[in-house]
Protein chains: 2
Amino acid sequence: MDKEINIERVKKIFNNLKQESGTHSPSIKTVLQEIPELKIDVDACFLSNPYATDLFIENMKADFPTYDDLRDSLEFYPPQNSDISKIIGQTIAVKKENIFVGNGAIEIISATLKRFCGNRLLLPIPTFSSYYEFLNNDQEIFFHNLKESENYVLNIKNLIKDVREKKVDSLIIINPNNPNGDYINYDELIDLLENCKNLDCIILDESFVHFAYEDDSLKLMNYYELINKYSNLVIIKSMSKDFGIAGVRAGYGIMSSDRVSELTNSGYLWNISGLATYFFDLYSGTKFRNKYEIVRKKYIMNTLMFRSELSSIKGLKIYPSKANFFLIKVDNDELDDFGLRLLVNHGVYIRNCSDKIGLKGSGYYRIASRSFEENVKIIKAIKIELA
Amino acid sequence: MDKEINIERVKKIFNNLKQESGTHSPSIKTVLQEIPELKIDVDACFLSNPYATDLFIENMKADFPTYDDLRDSLEFYPPQNSDISKIIGQTIAVKKENIFVGNGAIEIISATLKRFCGNRLLLPIPTFSSYYEFLNNDQEIFFHNLKESENYVLNIKNLIKDVREKKVDSLIIINPNNPNGDYINYDELIDLLENCKNLDCIILDESFVHFAYEDDSLKLMNYYELINKYSNLVIIKSMSKDFGIAGVRAGYGIMSSDRVSELTNSGYLWNISGLATYFFDLYSGTKFRNKYEIVRKKYIMNTLMFRSELSSIKGLKIYPSKANFFLIKVDNDELDDFGLRLLVNHGVYIRNCSDKIGLKGSGYYRIASRSFEENVKIIKAIKIELA
């Protein structure tokens, strides 16, 4: 009985917090401030590779044995945007003139939408809400509905057809998509770009691409060279997820050089912190990159194992994903409280997706793959709740 | 003879670096990369309180004994902008609805210029170049020339006259001004605001106001309550200078609530890093603020002593300043190489201001007050060069 009251109270506070956070989940910190009796054991809302965070911290320890050694990064102005582009460019084999460094991907998303997209944008849904929230008043967004009957898999031919029918000038693609993880492979992507050459702007958000793969080698996918062929393309890369450093705020966009100039000339000058500059220094080193490859693949293997365990549970459906998370639909969740029960009864926090436009009805949740140990806990909790 | 060749080489490289850095000084790091034989002992370009940096690092050591303790700040998404406004608001007694938190003041400057200023802006010169560089194409900037004959002191009556004559809709004031440090006192400021009520936007950049004072108590000046009376006012506050944390990227703007909403609704969502969030947590604590007051006053006393020493040197003129730096004019600097000689011969790096619009001719330099020991070195170097 106690537990039921608990859930109702939590549900109420949660709904309030949710409203305040807009279309994003309230952060763990905020949740715990408001519901101190909660114990959150696993944050499976959070889409990031924990092994990569370990690696970053390990490097900080080696490079800055004490905080006094870190002083320069805290005290002085970081280098200008173009100085950091240079370092990144050498690493990813892209001309620095084509790289704009951002204070997180979100800064680049916002600037690209406002400055480089036209007035008619097409966006597959379900999606990441910022893509339809950060628009100018004169921009109109058209949704391309991914279908439940097709498991929310994007059909390139249908998308191209929709681009033409809706006469849009800009297109937004997240690959793999968030919240479902659907992945467009290289050949399909080329097909899409070839058919959209006349558009003003194509945003390709690759925030989760390090978790994707096209064969058993798990080779890192890289689309950057496409910028040389498709000048309307803007590739956006967050560092938060794959490198596990969301708090550092680091990302970059690959785009035509005139677009980069427009941004750097209009105020994005010292937008990268000292710590983000340090990250990009690391990122440019072969030693770090080699170690990163190990934790990247380890995490993917982890995620594959997690998927396999999830698949064995009755009462839920998993949609196709090559990201580090899974969209699931839970049977008989009319009360929309499966997630709250996981939270209250097991301390496992997952993302309720019933507010996502493009997903109809209750029972939709997005579950992040975490560390091996945390994934075991998530599976155990779900099994108990669905037993 | 060697030394002369040295200076010529340095001059050449320096001019190249300067061109690449636009209207800002090349950073020490960049300078040293290109001219490795240089030894920079004192960076007196850099306008920040070193004692405050000490204080910040001391707090980090206590709060995060190891980097593992810092993990949450690196790994997780920081709170949303409005959550941080809440913390700041309680501290500075301003409603959170009136606070926009920025990734450094520059982000707020850029957004304010583009969104809230009209098409005709008035800006006293000499000034911080970003104020005329980050404009939209349809915005026209008018300069209000501060006069050498008046020691570059702003005359409020003349400024108000100019606002009217030039029919501007927006006005930009840096108080104390950069690069000369001229300070508008409270009564004059009110006079100005009263006479400019009809403008769309008045930017008051208080990045250096913690170093100013109106009497011997050195009391911290605070203009925030003016926002309640003058809704066209946007007060911009960098944390870089007074708190010595330029690498952390933190600042805030105080403005009308509708302006804050416009910004937070258009993409500035997770623009504050985990470390900047930690800083604002510190900033809201009485214990930290009390300790900060001590290092703030210590640094002002330092700066006053520095000024007194500078004044005793023949061959240079110091302009009135209540900031942590001084604009000087060196006699007989036709070759424009006084700064380079300080750098090459003494390792003291100061800001050559001959590129600043509003300052005619060579010999103008801006010198930052640094730690006591560094100031001693600066004075010694200048005395030798001007002997």
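Biologist: How do the axes of helix 8 and helix 9 of chain A cross?

Modeller: This is a predicted model, so keep that in mind. The axes of helix 8 (residues 156–165) and helix 9 (residues 186–195) of chain A come within 10 Å. They cross at roughly 15°. Angles under 35 degrees count as roughly parallel, so helix 8 of chain A is roughly parallel to helix 9 of chain A.

Biologist: Is the crossing of helix 8 and helix 9 of chain A left-handed or right-handed?

Modeller: The crossing is right-handed.

Biologist: Which residues in helix 8 of chain A meet helix 9 of chain A?

Modeller: From helix 8 of chain A, A:Ile156, A:Leu159 and A:Ile160. They meet A:Glu188, A:Asp191, A:Leu192 and A:Asn195 in helix 9 of chain A. By class, this contact has four nonpolar residues, one polar and two charged.

Biologist: New topic. What domains does the assignment give for chain A?

Modeller: Domain 1 of chain A takes in 2–53 + 290–386. Domain 2 of chain A is 78–286. Their centres, taken over C-alpha atoms, are 26 Å apart.

Biologist: How many residues of domain 1 of chain A are in contact with domain 2 of chain A?

Modeller: 27 residues of domain 1 of chain A, against 31 residues of domain 2 of chain A. On the domain 1 side, helix 3 (50–63), helix 12 (286–311) and strand 10 (325–330) of chain A each give two or more residues.

Biologist: Which element gives the most to that side of domain 1 of chain A?

Modeller: Helix 12 of chain A, with five residues. The domain 1 side as a whole has 13 nonpolar, nine polar and five charged residues.

Biologist: Now the two chains. How many residues does the contact take from chain A and chain B?

Modeller: 43 residues from chain A and 43 residues from chain B. The elements giving two or more residues on the chain A side include helix 2 (28–34), helix 4 (71–75) and helix 6 (105–116) of chain A. Helix 3 of chain A gives the most, with five residues. The chain A side divides into 18 nonpolar, 17 polar and eight charged residues.

Biologist: Why do the copies meet through the same surface?

Modeller: Because 100% of the interface residues of chain A are also interface residues in chain B.

Technical notes
Residues are numbered from 1 along each chain as its sequence is written. Chains are lettered from A and ligands numbered from 1 in the order in which they are written. This is a predicted model: local features need pLDDT of at least 70, side-chain atom pairs count only at pLDDT 80 or more; totals for chains, interfaces and linings use all residues. Domain bounds come from an automatic or database domain assignment. Two residues are in contact if their C-beta atoms, placed from the backbone, lie within 7 Å. Helices (H or I, at least four residues) and strands (E, at least two) are DSSP runs, numbered from the N terminus. Ala, Val, Leu, Ile, Met, Phe, Trp, Tyr, Cys and Pro count as nonpolar, Asp, Glu, Lys and Arg as charged, and the others, Gly among them, as polar. Axes are lines fitted to C-alpha atoms, for helices over the stretch in contact, and angles run from 0 to 180 degrees between N-to-C directions. Angles under 35 degrees count as roughly parallel, over 145 as roughly antiparallel, 65 to 115 as roughly perpendicular and the rest as oblique. A crossing is left-handed if the near helix is turned anticlockwise from the far one by less than a right angle, and right-handed if clockwise.
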